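This briefing goes through one protein model by topic. Please look at the sequence and the structure before reading the points below.

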Amino acid sequence: MADTDVLILAIESSCDETAAAVVKNGTEVLSNVIASQIDLHTLYGGVVPELASRKHIEKINQVIEEALDEAGVTLDDITAVGVTYGPGLVGALLVGVAEAKAIAYAKRLPLVGVHHIEGHICANYIENPDLEPPFLCLVVSGGHTHLVRVLDYGTYEILGRARDDAAGEAFDKVARAIGLGYPGGPKIEKAALSGDPDAIPFPRAKISDNPYDFSFSGVKTAVLNYINGCSMKQEEIVPEDIAASFQKAVVDVLVDHTMQAAEEFEVPELAIAGGVAANGALREAMRNACEKRGIRLYHPSPVLCTDNAAMIGTAAYYEYLAGTRHGWDLNAIPNLKLGER
Ligand code: KG4
Ligand code: ZN
């Protein structure tokens, strides 16, 4: 390890994954450990916040130890501690924040709080060393749908956002309605492979006062109404057709809004991020749309799309370089806005 190397220990606990990673110089991921709580929450059909917090407490020390071991380093080698402090579930975030503060205080290390969505965006830098701001980024996760201009490291302009359900949330709710269970995104994607995307004409919502905002509650309600309609007519539903038609409706809107922004701002480079960016249909549709316009498309590999701490380590690195340091009063901020410090 060179003296000039910056080694970040990163911690992520904003929702249902307890994660820790060691990241060298921003993009070299030495370890990326994720303890998923999927099995626990599957029993209830979705994330139960109180259970998530308790599980984080149980797992966090073990996950951090594993991350250090796998990276072959100790806390004495670490330059700074990065941690997600918002947005997310307050009780879940608090576990990571308290842990990061304790480690940073005990080892006299700088503490760098990270915005979870900034982490998702920064996941793109890990495997794409030639990607640099400015670029346009579509962030599609369970809690957020943001169309963002990344003007510089740490400087963002939000062009549009979800007015109601986030894209991932709509996937999860529709999956539950057609009996696929939690988490819905990957299950819808799988079912859609054997369904007809043109079987049911679900709506594509446009927001009249901002072409870059999104609304997915309409398509979700249309799916629920369709299912109720079938049941009243005693017609059997074909879950695969519903999954494929719903997925197509969401993907169409995501691609359409993003391309409109790409054209207006004449961006040569576009990135996608967040759990829904792992979706093969979205990736393919985005790739086709970008190819037609000569835009270069970037996306993280699936494990870096869904929640992980490596992306928090990358975001913390750029924040660290920019001089961001948080004090011992750092608190969890469940509704933290992108770009706030
Ligand atoms: O980014 P993420 O891991 O957590 C949040 O920050 O919310 O995103 C989780 C969301 C869930 O709603 C999940 O259903 C969705 O991402 N998701 C997917 C896929 N994998 C995860 N949605 C569609 N297709 C997928 N393959
Ligand atoms: Zn996330």
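The model is predicted. One open sheet has five strands in the order E3-E2-E1-E4-E5, and another open sheet of five strands has the order E8-E7-E6-E9-E10. Helix H4 lies across strands of the one and packs on the other.

**Sheet E3-E2-E1-E4-E5**

- The pairing in this sheet is mixed.
- Strand E3 (28–36) and strand E5 (111–115) are the edge strands; each has a single partner strand, so one side of each is left without a neighbour in the sheet.
- From one strand to the next, the twist averages 20 degrees.
- Strand E4 (residues 80–86) pairs with E5 in the parallel sense, over five bridges.
- Within this pair, Val-83 is found opposite Gly-113 in E5.
- Helix H4 (residues 116–127) lies across strand E1 (7–12), E3, E4 and E5, and it runs at about 95 degrees to E5.
- Helix H11 (residues 310–321) also packs on this sheet, where it touches E1, strand E2 (17–24), E3, E4 and E5. The direction of H11 makes about 125 degrees with that of E1.

**Sheet E8-E7-E6-E9-E10**

- Here too the pairing is mixed.
- The edges are E8 and strand E10 (296–298); each has a single partner strand, so one side of each is left without a neighbour in the sheet.
- The twist from one strand to the next averages 25 degrees.
- Strand E6 (residues 135–140) and strand E7 (residues 145–152) run antiparallel and are joined by six bridges. They form a hairpin with four residues between them, and Val-140 has Thr-145 in E7 as its bridge partner.
- E7 is also joined to strand E8 (residues 155–161) by six bridges, again antiparallel. In this pair Leu-147 has Gly-160 in E8 as its bridge partner, and Val-148 stands opposite Ile-158.
- The hairpin of E7 and E8 has two residues between the strands, and Gly-154 in the turn has a positive phi of about 80 degrees.
- H4 touches E6, E7, E8, strand E9 (269–273) and E10, and its direction makes about 125 degrees with that of E6.
- Helix H8 (residues 239–264) lies across E6, E7, E8 and E9, running at about 160 degrees to E6.

**Burial of helix H4**

- Eleven of the twelve residues of H4 are buried, so the helix is largely enclosed by the rest of the structure.
- The buried residues of H4 include His-116, Glu-118, His-120, Cys-122, Asn-124 and Tyr-125.

- Are His-116 and Asp-307 buried or exposed? Both His-116 and Asp-307 are buried.

**Surroundings of ligand 1**

- Ligand 1 is surrounded by 20 residues, and the closest are Gly-142, Asp-172, Gly-185, Glu-189 and Asn-279.
- Gly-185 has a polar backbone atom 2.9 Å from an oxygen atom of ligand 1.
- For Gly-168, a backbone N or O atom lies 3.1 Å from an oxygen atom of ligand 1.
- For Gly-143, the distance from a polar backbone atom to an oxygen atom of ligand 1 is 3.3 Å.

- Leaving aside residues up to four places away in sequence, Arg-176 touches Gly-45 and Gly-181.
- Arg-176 and Ala-104 are 72 residues apart along the chain, and their C-alpha atoms are separated by 41 Å.

Note on methods
Residues are numbered from 1 along each chain as its sequence is written. Chains are lettered from A and ligands numbered from 1 in the order in which they are written. This is a predicted model: local features need pLDDT of at least 70, side-chain atom pairs count only at pLDDT 80 or more; totals for chains, interfaces and linings use all residues. Side-chain values use heavy atoms; hydrogens and water are left out. Two strands pair if DSSP finds at least two bridges between them. Axes are lines fitted to C-alpha atoms, for helices over the stretch in contact, and angles run from 0 to 180 degrees between N-to-C directions. Contact means heavy atoms within 4.5 Å. Buried means under 20% relative accessible area, exposed over 50%, partly exposed in between (1.4 Å probe, protein chains only). A residue is near a molecule or strand if one of its heavy atoms lies within 4 Å of it. A polar contact is a pair of N or O atoms within 3.5 Å; within protein, one must be able to donate a hydrogen and the other to accept it, and residues adjacent in sequence count only if both atoms are side-chain atoms.
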